[in-house]
Amino acid sequence: MFSDALGFDVGVARLLRQDDDGEAVAYLEQFIAKGSVMAMIEIAEYLDDKGDQAASVALMDRAEASIADHDLESLLHLAGALRRGLGAGTAKERYFRAFDLKQRVAEAGHLATIREMIVNHSHGLNGASKDTERAIFWVRKAAALGDTKAKQILREEGLS
């Protein structure tokens, strides 16, 4: 599960919600006060579940505006929330915003997300066009970060 530098743990928040909404909300509010983007997203999901979409969208907007460029985990958490239907816009708009966020994370060198981009572009999945050149771009980026599987692919395909 995700956690952030402020000590907020998504797994703990979700466990608390299963047992006691009041305790969960207090936990979330404690970390929102510290500026935890992940806590903002989690309470936005809680509000959405409770039927308060306006408050949920407002918190999602606040969370998105609060994310620092280097906070890759929060960007990934936001992308997941958008894919789950949270936030403003149509489902299609959220879907492509989530893809753009994941692409930013990959561009920043997050290896797991780079691997996801390879698959996405290889097969035209998750909002990516099927684009062999773009897939190769991501394989090269993974190899440059030391990914042995990516290095092997480049060797086998004669691309290294």
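**Exercise 1. Determine what share of contacts in the protein between residues at least 6 apart in sequence joins residues at least 24 apart.**

Solution. Contact means heavy atoms within 4.5 Å. Among contacts between residues at least 6 apart in sequence, 45% join residues at least 24 apart. The coordinates are those of a predicted model, in which local features need pLDDT of at least 70, side-chain atom pairs count only at pLDDT 80 or more, and totals for chains, interfaces and linings use all residues. Residues are numbered from 1 along each chain as its sequence is written, and side-chain values use heavy atoms, with hydrogens and water left out.

**Exercise 2. State how many helices and strands the protein has, and give its span along the principal axes.**

Solution. Step 1: helices (H or I, at least four residues) and strands (E, at least two) are DSSP runs, numbered from the N terminus. By that rule the protein has nine helices and zero strands. Step 2: the C-alpha trace spans about 60 × 30 × 25 Å along its principal axes. Step 3: of the 160 residues, 41% are buried, where buried means under 20% relative accessible area, exposed over 50%, and partly exposed in between (1.4 Å probe, protein chains only).

**Exercise 3. Check the length of helix 3 against 1.5 Å a residue, and list its buried residues.**

Solution. Step 1: the expected span of a helix is 1.5 Å times one less than its number of residues. Step 2: eleven of the 13 residues are buried, so helix 3 is mostly covered. They are Val 37, Met 38, Ala 39, Met 40, Ile 41, Glu 42, Ile 43, Ala 44, Glu 45, Tyr 46 and Leu 47. Step 3: the cover includes helix 1 (10-19), helix 2 (21-33), helix 4 (53-66) and helix 5. Step 4: after helix 3 comes Gly 51, with a positive phi near 95°.

**Exercise 4. Describe the packing of helix 3 and helix 5.**

Solution. Step 1: axes are lines fitted to C-alpha atoms, for helices over the stretch in contact, and angles run from 0 to 180 degrees between N-to-C directions. The axes of helix 3 (residues 37-49) and helix 5 (residues 72-83) come within 9 Å and cross at roughly 15°. Step 2: helix 3 is therefore roughly parallel to helix 5; angles under 35 degrees count as roughly parallel, over 145 as roughly antiparallel, 65 to 115 as roughly perpendicular and the rest as oblique. Step 3: Val 37, Met 38, Ile 41 and Glu 42 of helix 3 meet Glu 73, Ser 74, His 77, Leu 78 and Ala 81 of helix 5.

**Exercise 5. Is Glu 42 buried or exposed, and what does it contact?**

Solution. Glu 42 lies in helix 3. Its relative accessible area is 2%, so Glu 42 is buried. Leaving aside neighbours within four places in sequence, Glu 42 is in contact with Phe 8, Val 10, Arg 14, Leu 28, His 77 and Arg 84.

**Exercise 6. Repeat the axis analysis for helix 6 and helix 8.**

Solution. Step 1: the axes of helix 6 (residues 91-107) and helix 8 (residues 132-144) come within 11 Å and cross at roughly 40°. Step 2: the two helices are therefore oblique to each other. Step 3: Gln 103, Ala 106 and Glu 107 of helix 6 make the contact with Arg 134, Trp 138 and Lys 141 of helix 8.
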